[in-house]
Amino acid sequence: MATAQSRKSLEQVVKFADMFSAMGTEARLRIMQLLLSAHPDGLVVGEIQQELDIPNSTLSHHLDKLKAERLVLVRRESTFLHYSANTEALQELLQFLYAECCTRNQALKPESIVQICR
């Protein structure tokens, strides 16, 4: 019988695996990079499409997948949809990885991660 802690851990792994899977294509990773560079205002669909040269129907599919995994947020302003990176979800994802690699077994030194980010 699984303990409550191990069930919670398994649920987290499934959640984060789905998030990684959502970013697991070149187009979606490029969308995330673009939205992070436009943070916090985000971009409208037309701006994303123009920047990345992705057909509208394909872009819509990618944005829906990222939205389903809570990686992007959407807000409507008049007739425009503004997409932005969900930095809270990304922070959770990074904390999950950080906890595994830098605290429990210290596979990496925390300083080396911070150094990379600068």
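Biologist: In this predicted model, which residues of helix 4 do Val45, Ile48 and Gln49 in helix 3 meet?

Modeller: Helix 3 covers residues 45–52 and helix 4 covers residues 56–68. The residues of their contact divide into 4 nonpolar, 2 polar and no charged. On the side of helix 3 the contact is made by Val45, Ile48 and Gln49, and the residues they meet in helix 4 are Asn56, Leu59 and Leu63.

Biologist: How are helix 3 and helix 4 oriented to each other, and which hand does their crossing have?

Modeller: The axes of helix 3 and helix 4 come within 11 Å and cross at roughly 110°. Angles of 65 to 115 degrees count as roughly perpendicular, and helix 3 and helix 4 are therefore roughly perpendicular to each other. As for the hand, the crossing of helix 3 and helix 4 is right-handed.

Biologist: Where does Ser78 lie, and what is its phi?

Modeller: Ser78 is found in the loop between strand 2, residues 72–77, and strand 3, residues 80–85. With a relative accessible area of 63%, Ser78 is exposed. Ser78 is a residue other than glycine, yet its phi is positive, with a value near 60°.

Biologist: Is the peptide bond from His39 to Pro40 cis or trans?

Modeller: Pro40 lies in the loop between helix 2, residues 26–37, and strand 1, residues 43–44. For the bond that leads from His39 to Pro40, omega is near 10°, and the peptide bond is cis.

Biologist: How many aromatic pairs does a search of the whole structure find, and is the pair of Phe16 and Phe96 stacked, edge-to-face or tilted?

Modeller: A search of the whole structure finds 1 aromatic pair. The ring centres of Phe16 and Phe96 are 4.7 Å apart and their planes stand at 35°, so the pair is tilted.

Biologist: How far apart in sequence are the parts that this pair ties together, and is Phe16 buried or exposed?

Modeller: Phe16 lies in helix 1 (residues 4–22) and Phe96 in helix 5 (residues 87–104), so the pair ties together parts that are 80 residues apart in sequence. Buried means under 20% relative accessible area, and Phe16, with a relative accessible area of 3%, is buried.

How values were computed
Residues numbered from 1 in each chain as written. Predicted model: local features only at pLDDT ≥ 70, side-chain atom pairs only at ≥ 80, totals over all residues. Heavy atoms only, no water. Phe/Tyr/Trp six-rings, centres within 6.5 Å; stacked < 30°, edge-to-face > 60°. Helix = DSSP H or I, 4+ residues; strand = E, 2+ residues; numbered from the N terminus. Buried < 20%, exposed > 50% of the residue type's maximum accessible area, 1.4 Å probe, protein only. Axes fitted to C-alpha atoms, helices over the stretch in contact; angles between N-to-C directions. Parallel < 35°, antiparallel > 145°, perpendicular 65-115°, else oblique. Left-handed = near helix turned anticlockwise from the far one by under 90°. Contact = heavy atoms within 4.5 Å. Nonpolar A, V, L, I, M, F, W, Y, C, P; charged D, E, K, R; others polar.
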